[in-house]
Amino acid sequence: TPFFPHPTSVSAPGRTAPPTGPPQSPGLRPEAESTRLRGGSRQEREGVTDQDTNKMSECENDPAVFSSDTLPSDLRFMATLANGYLGTRIYSDVMHMNGVYNGEGGDCCRADIPSTVNIRLTVPDESTAKKTYTLNTRTGTFSTTKETKDLLVTQQIFAHRSQVHLMVLTIYVERMATSKKPFTIEIKSLFDPHSQNIDFMRGPDFMEAMYIHGETLIPEVKGAARQSVHMIAMPLPGSLTLLPNERSGSWQFLTAVADTEEQAKECFAEGQILVQSDQLYSSHVSAWAALWSGSCISLRGCRKLNQALRGCLYYLLSALPPVKSTDFQYIGLSPGGLSNGGNGEDYFGHIFWDQEIWLYPVVLAFYPQLASILLKNRIRTLPAAKSIAAQQGYLGAKYPWESAVTGYEVCNEDIYGLKEIHINSDISFAFQQYFNLTQDLEFFRKEGGWDVVCSIAEFWSSRVTWNPSEMCYDIKGTPCPIYNRLQVQLKSL
């Protein structure tokens, strides 16, 4: 089993995270024409320059590239692709969308959206094909290649880094021998336009592409509006053929996902313009290059650790939105990333103390602007935190142990929502770190930062109990932050 760097699939206390089974439905296989593109060298497609190639030849492996001839037997450890808005696990039948959850309270989880990029290719002389699976963290792409004596076929997937509403599937075919006969590649799509969390229905085609739309079944809070998802996807043909007079061929298939019909159509049309101008892939690679230019950790003389660091940083960055302003409300980092978090896995995609204590410091060090986006989500959900504190009989704000979009508690075990109150100090500590690094007083004066810090302080002032024998305040009835049920008593001067 190869090692693709991936955040360990974990479960909240009291929960289990069963392995995701293989896709059950063969899905649809509509026949349609695709957009055919010019081919390119393998180096160009992978975003590798001649200088990079020379460097790679000097060492055993490029730390930015993870490659293997087999896939993990446990599907939870498949590589993932994301851009802060869309995310999917390789060879998964679902993708996830930032801020789209289904289920009320403790039943809340990321809503499954059917994946259009989960396909299987069959090449001529399939039994003799050499298979290679590659996650390129430099370009944010995953590729599956099959090589025979006659052909090199590459299936590449990426979530566009700057055009975040787009998920892209590209198929490259390159003739390896002098044979002039045609070669046909069979395509099996596992797309099924249904979801266990979203009531999808078919709409009229747009630009010869399929259009489906729907709403989540159950809102996070009783009485709230259900969330909408709109998808436009180019249909996949049952096969592609490299003609006798062609040395290579390239086909690109777009999927646009948004929360409104208008935005989905607009983003799909923009993607088609990039395809026609041959800029779709290059703009994606350029966006990743710009991101890496400000956030690389490199070690000399320790290849494995260097690669592990690169992989971990890739997964963190891929779950974050672009540094530039976006057209959507980013809700935060979940420890399993954006690609995971369905029902029964990876904390259901919820946000809690992992964001502020374990993930946030790295983001703050490299990208204070992105760090402020994480804090602004806590500012946005401050009214909900104040409501929780009032319901429990305290002043100020008490943030939920696990949250999704609304800022209300979504942990499925009440004891954690009541007792894991260190989440408040975790959040306050993150605001303190931001100020220490940036000295950004305007963030606290005008953007709500001070409101959060002050409200958390008010909570603690009402949560403590005076201890006359020791002349100090106690914080009673809370577990320490190491996941056990022991009741501890914290001393506060």
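Modeller: The chain exposes about 21500 Å², and carbon and sulfur atoms supply 54% of that area. Accessible areas come from the Shrake-Rupley method with a 1.4 Å probe, and for residues only the protein chains shown count as cover. This is a predicted model, in which local features need pLDDT of at least 70 and side-chain atom pairs count only at pLDDT 80 or more, while totals for chains, interfaces and linings use all residues. Residues are numbered from 1 along each chain as its sequence is written, and side-chain values use heavy atoms, with hydrogens and water left out.

Biologist: What share of the 493 residues is buried?

Modeller: Buried residues account for 54% of them. Buried means under 20% relative accessible area, exposed means over 50%, and partly exposed lies in between (1.4 Å probe, protein chains only).

Biologist: And what does the secondary structure come to?

Modeller: The chain has twelve helices and 22 strands. Helices (H or I, at least four residues) and strands (E, at least two) are DSSP runs, numbered from the N terminus.

Biologist: Which residues touch the most other members of the largest nonpolar core?

Modeller: Ile171, Leu333 and Tyr399 do, in a core of 112 residues. A nonpolar core is a set of buried Ala, Val, Leu, Ile, Met, Phe, Trp, Tyr and Cys residues joined through side-chain atoms within 4.5 Å. There is also a second, separate core of six residues, which includes Tyr101, Cys108, Ala404 and Val410.

Biologist: What does leucine 333 touch?

Modeller: Leaving aside residues up to four places away in sequence, leucine 333 touches Leu316, Ala319, Leu320, Ile351, Gln355, Leu359, Val363 and Leu374. Contact here means heavy atoms within 4.5 Å.

Biologist: How do the axes of H6 and H7 cross?

Modeller: Helix H6 (residues 353-366) and helix H7 (residues 368-380) have axes that come within 6 Å and cross at roughly 145°. The H6 side of the contact is Gln355, Glu356, Tyr360, Val363, Leu364 and Phe366, and the H7 side is Pro368, Leu370, Ala371, Leu374, Leu375 and Arg378. By class, this contact has nine nonpolar, one polar and two charged residues. Ala, Val, Leu, Ile, Met, Phe, Trp, Tyr, Cys and Pro count as nonpolar, Asp, Glu, Lys and Arg as charged, and the others, Gly among them, as polar. Axes are lines fitted to C-alpha atoms, for helices over the stretch in contact, and angles run from 0 to 180 degrees between N-to-C directions.

Biologist: Turning to the sheets, in what order do E9, E14 and E18 lie?

Modeller: They form an open antiparallel sheet in the order E9-E14-E18. The edge strands, each pairing on one side only, are E9 (119-122) and E18 (239-242). Neighbouring strands of this sheet are turned by 20° against each other on average, direction ignored. Two strands pair if DSSP finds at least two bridges between them.

Biologist: How many bridges join E14 to E18?

Modeller: Four bridges join strand E14 (residues 183-189) to E18, and glutamate 186 has serine 239 of E18 as its bridge partner. Four bridges also join E9 to E14, where leucine 121 stands opposite isoleucine 187.

Biologist: Which residues of E14 are on its covered face?

Modeller: Phe183, Ile185, Ile187 and Ser189 form the covered face, whereas Thr184, Glu186 and Lys188 form the uncovered one. In a regular strand the side chains alternate between the two faces of the sheet.

Biologist: Now the loops: where is arginine 247?

Modeller: Arginine 247 is in the loop between E18 and strand E19 (248-258). Arginine 247 is exposed, with a relative accessible area of 52%. Not counting residues up to four places away in sequence, arginine 247 touches Val173, Glu174, Arg175, Ala177 and Leu242.

Biologist: What about the phi of aspartate 125?

Modeller: Aspartate 125 has a positive phi of about 60° although it is not a glycine. Most residues other than glycine have a negative phi. Aspartate 125 lies in the loop between E9 and strand E10 (130-136) and is partly exposed at 42% relative accessible area.

Biologist: And methionine 207, where does it lie?

Modeller: Methionine 207 lies in the loop between strand E15 (198-206) and strand E16 (209-216). Methionine 207 has a positive phi of about 50°, and its relative accessibility of 43% counts as partly exposed.
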